[in-house]
Amino acid sequence: KLRFAETVRPLCDSGLAYIGGEYLIDRCGGSPNLAFIKSVDVMLLSEPEGVPQFQKGNDPFTLTFFKQREDKLWRYDICPVRPGTEARINAALENIPAKYRKILFLPDSMEQQAEIHVACEHCFVLHDKDGYHFYQ
């Protein structure tokens, strides 16, 4: 299991979040950014051995992390998908490099899966009361 400091310190050191009392707060301020919180959860579930190298994602990604796979460094981008944003996401991802890249989409429902089209390796991660579920 990861210790709190091993998980939170890299998020704070990178400027993505800060500790406010007993809470981890993203740097956007205002109300909690649930897409950011889910992205951190998914990143940690994807790399149970420890906290991988990561950075703030570029739109439409909230978070990007890196891990070794098949002797290559792979890029993993986490992309929240709100209802009605599928066409914009498809357009943004139309010409991105696909080699050594995997996108983890976080849709609100599995119905959105049919609306997402991307050439690189990807999966869908749904969150419900029982936790996170990964679908290839």
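## Contacts of Ile 78

Leaving aside neighbours within four places in sequence, Ile 78 is in contact (heavy atoms within 4.5 Å) with Ser 39, Val 42, Met 43, Pro 60, Phe 61, Thr 62, Leu 63, Phe 65, Leu 104 and Leu 106. This is a predicted model, in which local features need pLDDT of at least 70 and side-chain atom pairs count only at pLDDT 80 or more, while totals for chains, interfaces and linings use all residues. Residues are numbered from 1 along each chain as its sequence is written, and side-chain values use heavy atoms, with hydrogens and water left out.

## Two nonpolar cores

A nonpolar core is a set of buried Ala, Val, Leu, Ile, Met, Phe, Trp, Tyr and Cys residues joined through side-chain atoms within 4.5 Å, where buried means under 20% relative accessible area with a 1.4 Å probe and protein chains only. The largest such core has 16 residues, of which Val 42, Met 43, Leu 63, Phe 65, Ile 78, Leu 104 and Val 125 touch the most other members. At least two residues of this core come from each of helix 2 (34-46), strand 4 (63-69), strand 5 (72-81), strand 6 and strand 7 (121-128), and helix 2 gives the largest share, five residues. (Helices, H or I of at least four residues, and strands, E of at least two, are DSSP runs numbered from the N terminus.)

Apart from this core lies another, of eleven residues, including Leu 93, Ile 103, Val 118 and Cys 120.

## Confidence

The pLDDT, the predictor's confidence in each residue from 0 to 100, averages 84 over the protein, and 76% of the residues score at least 70.

How values were computed:
Buried < 20%, exposed > 50% of the residue type's maximum accessible area, 1.4 Å probe, protein only.
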